[in-house]
Amino acid sequence: MSHGGGHLRFEQVKLAYGIGPRETVVMESFNLSVSAGESVALVGPSGCGKTSVLYALCGLLKPRSGSITIGDERVEKPRRDVALILQDAGLLPWKTVWANASLGLQLAGESTQPVRSKLEELHIEELAQRYPSELSGGQRQRVGIARALASDPRILLMDEPLASLDAFTRERIQELFLELWLKRKHTQLLVTHNLEEAVFLGQRVVVLSDKPAKILEEIENPRAGSPDWRYSDGFYDQVQVLRKVLS
């Protein structure tokens, strides 16, 4: 699978909600570049615009000015090669695991054949006929991941995907995200408030200011993805660097 077109770029982007006197500017003259196959974590204060970055990349929020491109194409509308994973997995309670995981493909009028292998890959194939209320938080999030990966996206966007999980489950799913990224080589952009998560999954950690958001600092974190990174002294040194920037 080639992901050469998974390069993301924000150039002089202004994002805002509302119009006239009620306009709230989330970011102005915002620039960010993420290379194809790179995993980047975005951190910053609540309400600074991190989620808006993801919505803009999905084509759900149009910039007031500037340009957002994926590869050589401007983002004008939702794209099939971009998938978004939300905090609560966004599952429909009246649909089974299989139906939830198949949803994107069904809406696109495509075969749901890939769903089986995704459920197997995520070790939830035996849950296919269950409903979300019958699942644990970690299982629900795996269904959300299966749905996102079913269309084989080049770009995976994640908005606080593990915030509602307990610490043990959270670490297991972080390991899963890492495993999937190392295997698939997709471009990955993670929004998180959890500094350990940012350092575990982001080869680069981008720190945003309060809104209108600017990039305060970009912390290179090349050991993300290497074996036992979480258990090394360097890991906690990086977390402390990040904590200082945010304090």
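**Figure 1. Helix α5 (residues 167-184) in the predicted model.** Helix α5 comprises 18 residues and spans 26 Å from its first C-alpha to its last, close to the 26 Å expected at 1.5 Å a residue, where the expected span is 1.5 Å times one less than the number of residues. Helices (H or I, at least four residues) and strands (E, at least two) are DSSP runs numbered from the N terminus. The model is predicted, so that local features need pLDDT of at least 70 and side-chain atom pairs count only at pLDDT 80 or more, whereas totals for chains, interfaces and linings use all residues. Residues are numbered from 1 along each chain as its sequence is written, and side-chain values use heavy atoms, with hydrogens and water left out.

**Figure 2. The start, buried residues and end of α5.** At the start of α5, a side-chain oxygen of Asp 166 comes to within 3.1 Å of the backbone nitrogen of Phe 168. The buried residues of α5 include Ile 173, Gln 174, Phe 177, Leu 178 and Trp 181, buried meaning under 20% relative accessible area, exposed over 50% and partly exposed in between (1.4 Å probe, protein chains only). Lys 185, which follows α5, has a positive phi near 60 degrees.

Figure 3. Phe 200 counts as buried because its relative accessibility is 4%. Not counting residues up to four places away in sequence, Phe 200 touches Gln 174, Glu 175, Leu 178, Ala 224, Gly 225, Trp 229, Arg 230 and Phe 235, a contact meaning heavy atoms within 4.5 Å.

Technical notes. A polar contact is a pair of N or O atoms within 3.5 Å; within protein, one must be able to donate a hydrogen and the other to accept it, and residues adjacent in sequence count only if both atoms are side-chain atoms.
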